[in-house]
Amino acid sequence: MDGTGLPGNGVPRRAAMITAALGTLSACSVPPPRRTDTAPDPAPGRPVSTGRAALVLQFLAHPDDDLYFMNPDTRQALDAGTHVVCVYLTAGEADGVNKVPGAPRPAPDKAAYSSARRQGLRQAYATLLGRDAFTPWKTSVMELGGTHRAETATLGAGPRKVDLVFLDTAMHTGRHRLGLPSLWEDRRLSLRTVVADGSPVRRPGSYTYDGLVDVLVRLLEHYRPTVVHTLDPDPDIQHGTEAARRRDSEQQGYSDHADHTAAACFAWAALIRWVARATAAGDEVPAFAVAAYRGYYNRHWPKNLPPGVLRRKAAHLVPYGGAPDWDCGNPSGCGDYNVGGDRPLTNRKGWVRSTHLRYPGARTVLNPDREGRLTAYGVLGLRLVRWREAETGGGVWEPPQDLGGGPLAPALGSAVTGGGQLLLFGLRFAALAGHGGDNEREVVLLEQRAGDGLFRAWRGLGNPSPGRDEGRRIGVPVAVTAPDGRVHLFVRNAEKGLSTRVRERDGRWGDWQDMGGGEVQDGLTTAVDGDGLVHVYGAGHHAVHHWTQDGPGGGLTARTQIDAGPVPGTPPAALPETDGSVELFYRAEARPGLTTLRAGETAELPGFDGCGPVTVAASPRGPVLLGLTAGGRVQLRTADALFVRSRGSVALDGATLHLGADGRPAAAGLGTDAAPWLWRPVST
């Protein structure tokens with residue numbers, strides 16, 4: 001018995017299809033898209049590709065989006081020898097003014113400013129590769145089907161390599177509207193391209209909605225990435241004055257630039273189309289992981305990069321900004337001058353001071369069988385897959401098995417019922433279509449059956465935020481099982497608060513309920529204390545926010561913010577203690593150290609400095625902690641020692657901690673090669 005609803009175990013393949021409540025991408029409203037796209041097939045059992053070399057492909061709206069919002073992740077992958085490809089959807093020409101701070105305003109020249117910004121990118125990535133900033137790049141023209149062409153630039157340093165691809169869509173239409181957002185929404189629009197000074201592409205072209213999505217799919221098929229970086233397709237709702245919005249370059253009502261949102265939506269539409277076409281043709285599911293990054297959101301929340309990481313990140317914006325007196329060899333300009341020097345660090349917007357994921361949480365869920373052999377679940381190719389450990393404690397995974405359900409966001413929630421059944425929760429792109437089509441998200445569930453361990457069909461659990469627009473803003477689901485057998489599901493809602501749904505012991509689900517409380521970031525943490533009370537914690541603007549029950553079996557309500565400690569820079573991890581209290585672990589705003597908070601007392605835990613959130617588990621000898629070093633390496637701390645994972649592919653975010661029956665810790669996650677890794681640093 002293989003324990004899934006996959007072919008070969010006596011369960012028909014179609015029986016495991018996602019329920020009709022999930023809908024399909026092709027469902028759309030008036031006006032319809034120009035053509036009907038291939039709908040994602042959520043049924044399981046597809047072959048999954050394996051064994052490819054690591055390659056990170058980044059979809060950006062503008063030159064500098066990667067340097068501001070995706071570093072240090074990009075740099076860490078590049079440092080490990082990973083091939084990095086950057087695709088810039090716009091020409092970045094803006095108003096054509098390459099302003100030098102303190103100097104008279106120059107005359108606008110869009111072709112020159114676009115050229116100067118890509119020169120800045122070449123300088124920045126040459127420096128990232130350890131080469132001189134003015135090292136010549138190999139430039140060429142890439143044919144992308146029909147009349148579509150792109151300028152490419154390539155530079156290597158030993159095994160490391162960077163490709164820059166410029167699609168050059170205009171940032172504004174002829175009617176002075178933003179180009180990419182208009183192309184996403186207006187089915188009649190054909191968006192022209194800009195020819196930058198010195199580009200090997202000599203003639204302008206144009207893109208339609210479908211033409212741009214198809215070109216992005218063609219790039220995915222050409223490069224076959226194992227990791228895809230995008231911007232945020234669903235930024236937070238953000239209210240403020242019109243003056244503040246204009247000053248901060250944000251779109252009306254949301255905490256990001258409209259180009260970032262449109263570029264991310266085009267990227268996700270291309271990813272969905274790529275996978276849908278592959279599965280419809282009977283090909284292997286492309287094996288890639290996705291990381292989506294917040295943009296101007298960084299200004300509105302506590303900063304999460306410690307000083308050493310921040311300095312290095314900001315330093316790579318210096319060669320991008322350049323200066324007019326540099327001898328770079330480009331007559332149109334040597335960078336984006338308003339970004340050079342110390343300006344990224346002195347800019348009041350503070351974009352560079354954080355790197356936030358749109359979908360934080362566990363990339364892998366670990367579940368042991370009766371013999372202690374681990375099974376891991378994760379999202380590859382926007383679909384849920386499963387790996388089994390080849391033998392107990394061996395650390396080697398069998399090939400992946402496809403469980404369908406996509407298109408899914410990259411992080412998962414999970415819980416185990418009182419009867420031992422595994423519940424897996426995901427955030428699904430129920431629809432993603434421009435041109436007035438539906439754009440919806442939904443929480444979905446894959447539930448293990450009692451007895452035989454097979455999985456039921458995927459089930460939709462709806463969305464706690466009503467409304468077509470608000471529903472896009474929800475976060476990653478997290479869940480916990482209470483001692484009474486009820487499963488509590490939690491989601492950050494569109495109002496940045498907390499919503500919940502509860503599964504009763506008989507499997508029935510209650511309605512979504514808004515739990516009130518203040519605004520928190522995504523990355524919620526749950527715990528059950530020694531008295532059987534369920535707790536939820538989230539990182540707010542000034543303190544840790546807390547929801548809990550008055551008594552076992554009751555509803556959760558918001559409590560007083562836990563402000564005894566410093567402002568949290570990362571989501572807290574929670575560890576129930578034997579005395580009934582819950583200890584919290586988090587990194588304070590812009591600090592590398594680890595803060596502990598318990599019963600109103602705060603302290604800094606020595607010996608576990610790093611960057612990003614941590615996870616924690618209880619062991620007989622004390623807490624076991626898992627996190628990242630400042631350099632992005634996985635580190636694990638026990639009561640006796642500190643271990644740092646120094647081999648294997650670079651770990652992506654969202655590593656998972658598991659303690660075996662013998663108390664031995666194991667960590668697992670996905671690497672830049674889109675393969676799972678398993679690390680047991682402590683011998684038995």
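**Cores, helices and sheets: a quick tour**

Of the 124 residues in the largest nonpolar core, six touch the most other members: L89, Y125, L164, L167, L219 and F266. Helix α7 gives the most to this core, with 13 residues. A nonpolar core here is a set of buried Ala, Val, Leu, Ile, Met, Phe, Trp, Tyr and Cys residues joined through side-chain atoms within 4.5 Å. Buried means under 20% relative accessible area, exposed over 50%, and partly exposed in between, with a 1.4 Å probe and protein chains only.

A word on the source. This is a predicted model: local features need pLDDT of at least 70, side-chain atom pairs count only at pLDDT 80 or more, and totals for chains, interfaces and linings use all residues. Residues are numbered from 1 along each chain as its sequence is written, and side-chain values use heavy atoms, with hydrogens and water left out.

Back to F266. Which residues does F266 contact, leaving aside its neighbours within four places in sequence? They are L89, L180, L183, W184, Y209, L212, V213 and L216. Contact means heavy atoms within 4.5 Å. There is also a second, separate core of 13 residues, which includes Y377, L412, L424 and V444. In general, nonpolar side chains in soluble globular proteins tend to be buried together.

Now the sheets. Helices (H or I, at least four residues) and strands (E, at least two) are DSSP runs, numbered from the N terminus. Two strands pair if DSSP finds at least two bridges between them.

β17 and strand β16 (residues 439–447) pair over 2 bridges, in the antiparallel sense. There, L445 has R459 in β17 as its bridge partner.

β34 and strand β35 (residues 665–670) run antiparallel, joined by 4 bridges. In that pair, L657 stands opposite A667 in β35.

Next, helix α8 (residues 307–315). Which of its residues are buried? V309, L310, K313 and A314. Seen down the axis, they fall within an arc of 125°, so they line one face of α8. That arc is taken from the directions from the helix axis to the C-beta atoms. Their cover includes α1 (65–70), α9 (317–321) and α10 (343–346).

R343 is found in α10. Beyond its neighbours within four places in sequence, R343 is in contact with P101, Y337 and N338. Its side chain reaches the backbone oxygen of Y337 at 2.9 Å. That is a polar contact: a pair of N or O atoms within 3.5 Å; within protein, one must be able to donate a hydrogen and the other to accept it, and residues adjacent in sequence count only if both atoms are side-chain atoms.
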